[in-house]
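The sequence and structure come next.

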Amino acid sequence: MKNIFSRFLFVLCWVALTGLVRADDTEFNYRGVLNTSGSPYNGTADFYFAILTVDSSLVESVQWTNDGGDLDVVPPANPVSLQVNQGRFAVQIGDTSLANMTELPASIFNSADDLYLRVWVDAAGGGLEQLSPDRKISLPDAIGIQSRKSLTIYVDPVIGNDRYPGHRANKPKKTIQAAVDVLPKVITDETIIHLAAGTYDQGATLKNLILSGPSSKLLIVGDIDNPSSVVLDGGGTEKDGLYINSIATTIRIEGLTIQNFEHSLRVASSNLVVKDCVFKGSDFGILARYNSVFTTTDVEIDDCLYGINAATNVYLRMENTSITNCANEGVHVKAMSSFYLVGTTLFENCGVGTGSAAFRLSGNSFGNLDGAITLRNSGGTALHCIRGSYVNIGTSGTTLVVEGNNVGLWADLSSTIDYEPSLTTFLSNTQDTQATNNGFVF
């Protein structure tokens, strides 16, 4: 075949501007002119498409093929057949209404490397020919900015490679940050970062994501049945296991162990649900700031200096959460923040010094304790309410056990602890209750 292309056009089409693609698809338009032996071709031609990245070292990595086959084998096995009229053809890359055309994951367009479309064609059985040069995709982030379908990015610290596309389980990313970096900035459907078992030696930062629409959600998921099998380990030198700063619909984290960081989890201005996770060996188990809404369910925090520190209009909800062996403080809710404890909650061996506390409220904060709550073995105060704060303990069904502490319940500096004596058991505390400086315990 000679002169298969006398000229070659490549066009990126913005969905909202052109109306050429369906609103729920990630596609772009590719068109050109096909000549054979110097004349425009007429008839059906078979096209094979692949999208690949090329990094600064000119290393290629296939990210997508039209038939969804093995990314290690190109050209793809199955072509997209197109009608060519007077040499002219056009196709929507990613149009799944066409035979052998699979959808385009939005994530592949958010790579830091240059992105190219590679094309092979067979016209009238004349033999397969690769078109040259590959066509560089201009402004790929215009396509990848928004996900319109559900998306899963796989990460595996053993078999992963950050050059892999990540949207297939057998081609996972290696690091969590690489998975985060290819997320669309606007998420309109369920999006999952799936972490395989193993140890990840660095954390990740999620910032400025927008979740839009009733189906939008972002999940970072390990193994909810065995969180100890998926470990983020900072080795005592890394700052954040996960840092999330994104004014968005709720982000969920499930089935992880995050340990040996300055902050296992740091949250700012975000809505976050954490379930079936373990945080341990860090300076802070969880640090939450600035209007965050934060829920922990079936979470263990152990052997941190500070279990949870929440400040500046943070709302914290804890359900079936245990906080143990946190030397300075178990939980500190402060600066006009609020909390709600429900289910079975354990504070044990937290706040070992006389000036420390297992649970402290300060700075006009307030909250409620419901469920089965145990405050045990604090060398300081089990529950310390200070500087205009208020806590209510107990509704019907609540049980509060305050055992083995220096001070059980202490209200100081115009604060109030409102508890129900019939629902509260004090055992072996040096002092069960204390009220100072216009504080009230009743």
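Glutamate 60 is partly exposed at 42% relative accessibility, where partly exposed lies between buried, under 20% relative accessible area, and exposed, over 50% (1.4 Å probe, protein chains only). The model is predicted: local features need pLDDT of at least 70, side-chain atom pairs count only at pLDDT 80 or more, and totals for chains, interfaces and linings use all residues. Residues are numbered from 1 along each chain as its sequence is written, and side-chain values use heavy atoms, with hydrogens and water left out.

Glutamate 60 forms a salt bridge with arginine 118, at 3.0 Å from N to O; the term requires a side-chain nitrogen of Lys or Arg within 4 Å of a carboxyl oxygen of Asp or Glu. The two residues are 58 apart, with glutamate 60 in strand S6 (residues 60–65) and arginine 118 in strand S9 (residues 114–123). Arginine 118 is buried, at 12% relative accessible area. A network of salt bridges links Glu60, Arg118 and Asp134.

## Other salt bridges

By the same rule, the count is 14 salt bridges. One of them joins lysine 171 to aspartate 72, at 2.7 Å from N to O. Lysine 171 lies in the loop between strand S13 (151–155) and helix H3 (176–181), and aspartate 72 in the loop between S6 and strand S7 (80–84), so the pair ties together parts 99 residues apart in sequence. Lysine 171 is buried, with a relative accessible area of 8%, whereas aspartate 72 is exposed, at 58%.

Arginine 252 and glutamate 254 also pair, their closest N and O atoms being 2.8 Å apart. Here arginine 252 is partly exposed at 27%, and glutamate 254 is buried at 12%.

## Overall form

The protein chain has three helices and 44 strands, taken as DSSP runs numbered from the N terminus (helices H or I, at least four residues; strands E, at least two). Its radius of gyration is 29 Å, well over the 22 Å that the globule rule gives for 442 residues, so the chain is more spread out than a compact globule. The radius is taken over C-alpha atoms, and the rule is 2.2 Å times the number of residues to the power 0.38. The C-alpha trace spans about 100 × 40 × 35 Å along its principal axes.

## Burial and contacts

Of the 442 residues, 54% count as buried. Among contacts (heavy atoms within 4.5 Å) between residues at least 6 apart in sequence, 60% join residues at least 24 apart.
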